[in-house]
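Here is a note for a colleague who is opening this structure for the first time. Please read the points in order, with the model on screen.

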Amino acid sequence: MADFVTSTHRTKWIFTPQDIKHKYKVANHRAKQALEKYGTTRMEVDIDGSFSYAESQNDAKDSAEKRPKPLKVEEEQLLRAFYEFKIQDVCDAFKFPRKIQATALIYFKRFYLQWSVMEHHPKDIMLTCIYAACKAEENHVSAEELGKGIGQDHHVILNNEMLVFQSLGFDLIVYSPYRALEGFISDLEEFCGAKDEDQLVALKGSLDTARIEADKIMRSDGPLLFPPGQLALTALHRANAAHSIFDFERYLRSLLSRYQPAHAISELTGSINAIDSLIGKLLTPTSKDVKHVDHMTRVKKGSIDPKIAHMRL
């Protein structure tokens, strides 16, 4: 696997907060224009990745007042947050490793930098992202098995596959914080001089907590804003705040002196604080929270499937 520094993940898929806000606004504006022009925002996708606007469910004689109201950017964010949480639920249900969960989340986030949830329902895209992540991480599961496991039509997964790949620019290799976390813990064993069993157990406990913190980070905008090493350090910082095993600032200074001596610690701590702030703002909406939003994103067979809406598998 290519190094992150030379990867497309770093060169094409790390943005500023302003970049992300602009992309969400552009997609939202395009969907609103489609609603005005076609009477619908929903796109029908063919298996080859081509798409067109679905036929309007409104009679041609219907007035504009009868059309559903478009979603606000903030409402779209709420629905995306709901389905990002469900990606983790589905992956937990199938006992997929964290790297698949992380890859699926990154695919999902990147997809909705290009599209509005009004154009492609996140329930469908969520499943296709999980399926694509399984392929990319060589943990193959059939679309039939994935669809059957949560009571969804597997053809929807396959029909959206090429669309998702195209929206990702076919950049399927992604980097998450979990591998970096493992490396930091191994490094900390030497840094702390961990020799006895109690110290090693304490560091393992810190790693387990850090993984949980990394799960939270993966549902924030962090993966679109910061490299995976900084995401991992933030997770480790939050875990150490709970366990108080080592001097975190001293460890950061040690890391910089060994690997990036030209970088100031203030720059690194600034990134860690920014990521930490994102976790503080993290949304975890329930199906009840998004019910009023989902009316605009319904497909012919209904809205949020109960098997997904109440899933805590």
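The points below go from the whole chain to its spaces and then to single residues.

1. **Ground rules.** This is a predicted model; local features need pLDDT of at least 70, side-chain atom pairs count only at pLDDT 80 or more, and totals for chains, interfaces and linings use all residues. Residues are numbered from 1 along each chain as its sequence is written, and side-chain values use heavy atoms, with hydrogens and water left out.

2. **The chain as a whole.** The secondary structure comes to 16 helices and two strands. Helices (H or I, at least four residues) and strands (E, at least two) are DSSP runs, numbered from the N terminus. The chain has 313 residues, and buried residues make up 49% of them. Buried means under 20% relative accessible area, exposed over 50%, and partly exposed in between (1.4 Å probe, protein chains only). Take the contacts between residues at least 6 apart in sequence: 76% of these join residues at least 24 apart. Contact means heavy atoms within 4.5 Å.

3. **The largest pocket.** Its space is about 1300 Å³. A pocket is found on a 1 Å grid over the protein atoms alone, as an open set of points with protein on both sides within 12 Å along at least five of seven lines; a cavity is a set of points where a 1.4 Å probe fits but cannot get out; lining residues have an atom within 4 Å of a point. Grid points are joined across faces, edges and corners, and a volume is the space filled by probe spheres set on the points. The pocket has 35 lining residues, and F4, A180, P228, G229 and Q230 lie nearest its centre.

4. **Who lines the pocket?** At least two lining residues come from each of α4 (98–114), α9 (177–191), α12 (228–243), α13 (248–259) and α14 (265–280). Helix α9 gives the largest share, six residues. By class, the lining has 19 nonpolar, eight polar and eight charged residues. Here Ala, Val, Leu, Ile, Met, Phe, Trp, Tyr, Cys and Pro count as nonpolar, Asp, Glu, Lys and Arg as charged, and the others, Gly among them, as polar.

5. **The cavity.** The structure holds one cavity of 30 Å³ or more. About 40 Å³ of space lies in the largest cavity. The lining residues are Y24, A27, N28, V73, E76, R80, Y112, W115 and S116. They divide into five nonpolar, two polar and two charged.

6. **Around W115.** The side chains of S167 and W115 make a polar contact at 2.9 Å. A polar contact is a pair of N or O atoms within 3.5 Å; within protein, one must be able to donate a hydrogen and the other to accept it, and residues adjacent in sequence count only if both atoms are side-chain atoms. S167 sits in helix α8 (residues 161–167). Its relative accessible area is 10%, so S167 is buried. Beyond four places in sequence, S167 is in contact with W13, F111, Q114 and W115. V26, in helix α2, is 89 residues from W115 along the chain, with 8.7 Å between their C-alpha atoms. V26 counts as partly exposed because its relative accessibility is 40%.

7. **Cysteines.** How many disulfides does the structure hold? The count is zero, where a disulfide is a pair of cysteine sulfur atoms within 2.5 Å. For C91, the nearest cysteine sulfur is that of C134, 6.7 Å away. C91 is buried, at 0% relative accessible area. C192 is partly exposed, at 27%.

8. **Three further buried sites.** T103 lies in helix α4 and is buried at 3%. Leaving aside neighbours within four places, T103 is in contact with A133, E137 and V174. G147 lies in helix α6 (residues 143–149) and is buried at 1%. Not counting residues up to four places away, G147 touches Q152 and I157. V290, in helix α15 (residues 287–294), is buried at 0%. V290 and L78 are 212 residues apart in sequence, yet 6.9 Å apart in space, C-alpha to C-alpha.
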